[in-house]
Amino acid sequence: MEVIMKKKVNKGDKTLFWLDRWIGNETLKVAFPNLFDLERKKRCTLEDIVKLAGLEWNWKSTPNITDHTALYSLVGQFRLTTDEDKWRCVLSGDGKYHVDMVRHLIDWPKDLVPHIKVEWIKEVPIKVLCFIWRASLGRIPATTELSKRGVTLESVQCGQCLQEDESPNRILLTCPFAKTVWEWFWKWCNMPYFQFNTVADLIEYVSQQGSHRKNRKVLISICYGTL
């Protein structure tokens with residue numbers, strides 16, 4: 001339903017602040033899980049929160065300043081009107097529900113997971129292939145990914161360089177420490193140095209190398225750290 005319909009907020013008395021998708025691409029419960037846990041009245045409406053004098057909260061305890069600031073920057077300037085709240089169809093330009101548009105969505109579904117091909121190489125352990133695939137999708141436990149899932153952390157900065165946020169690509173490719181390891185790797189393989197910004201780029205590169213299947217397998221095996 002959330003793929004098709006989105007709440008158009010006016011008066012705010014029929015729209016749940018945390019549970020309805022009324023701003024952004026997801027509910028505020030999903031976007032700010034830590035703040036949602038602190039909310040005393042989970043089914044509060046926008047009318048309960050958004051007042052003329054500003055936003056009124058009902059926390060169980062003092063929220064994290066970073067989360068609170070991010071939420072305020074998203075909804076702090078929102079103002080209610082006297083009109084009734086309405087549901088809008090996000091598939092149509094006029095906001096009205098059309099059966100033919102839903103039919104088109106069903107007939108031509110979009111992939112929920114990006115299509116990233118990781119070749120099946122018997123020399124590479126399954127757990128290594130799975131790790132590379134998960135890393136390409138951003139599904140390894142980097143601090144930025146853990147934070148998105150509601151894990152409370154002191155910092156999301158890269159633990160090696162303390163310069164930028166720790167993402168899967170940062171850990172494996174773009175951190176200065178990771179770059180040094182890759183420089184050693186390319187030198188050991190007697191190959192020119194390549195700098196990749198994403199794991200998906202690395203997978204695509206090694207999958208395209210070598211016209212001979214055996215040579216390509218060896219290269220991929222080396223790049224996956226198994227030789």
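Predicted model: local features only at pLDDT ≥ 70, side-chain atom pairs only at ≥ 80, totals over all residues.

Colleague: OK, and what does K41 form a salt bridge with?

Modeller: With D48; the closest N and O atoms are 3.4 Å apart. D48 is partly exposed as well, at 29% relative accessible area.

Colleague: How many salt bridges turn up in the whole structure?

Modeller: Three. Another one joins K14 and E84, with 3.6 Å between the closest N and O atoms. K14 sits in the loop between β1 and α1 and E84 in the loop between α4 and β4, so this pair ties together parts that are 70 residues apart in sequence.

Colleague: Are those two buried or exposed?

Modeller: K14 is exposed at 53%, while E84 counts as partly exposed at 37%.

Colleague: And R170, which residue does its side chain meet?

Modeller: E164, at 3.5 Å from N to O. R170 counts as buried, because its relative accessibility is 6% and the cut-off for buried is under 20%. E164 is partly exposed at 45%.

Colleague: Switching topic: how much space lies in the largest pocket?

Modeller: About 540 Å³. It is lined by 18 residues, and A31, F32, T66, D67 and S147 are the closest to its centre.

Colleague: Which helix gives the most to that lining?

Modeller: α4, with three residues. α1, α2 and α7 each supply at least two.

Colleague: What's the lining like by class?

Modeller: Eight nonpolar, six polar and four charged residues.

Notes: Residues numbered from 1 in each chain as written. Heavy atoms only, no water. 1 Å grid on protein atoms, 1.4 Å probe; cavity = no way out; pocket = protein on both sides within 12 Å on 5 of 7 lines; lining within 4 Å. Points joined across faces, edges and corners; volume = space filled by probe spheres on them. Helix = DSSP H or I, 4+ residues; strand = E, 2+ residues; numbered from the N terminus. Nonpolar A, V, L, I, M, F, W, Y, C, P; charged D, E, K, R; others polar. Salt bridge = Lys/Arg side-chain N within 4 Å of Asp/Glu carboxyl O. Buried < 20%, exposed > 50% of the residue type's maximum accessible area, 1.4 Å probe, protein only.
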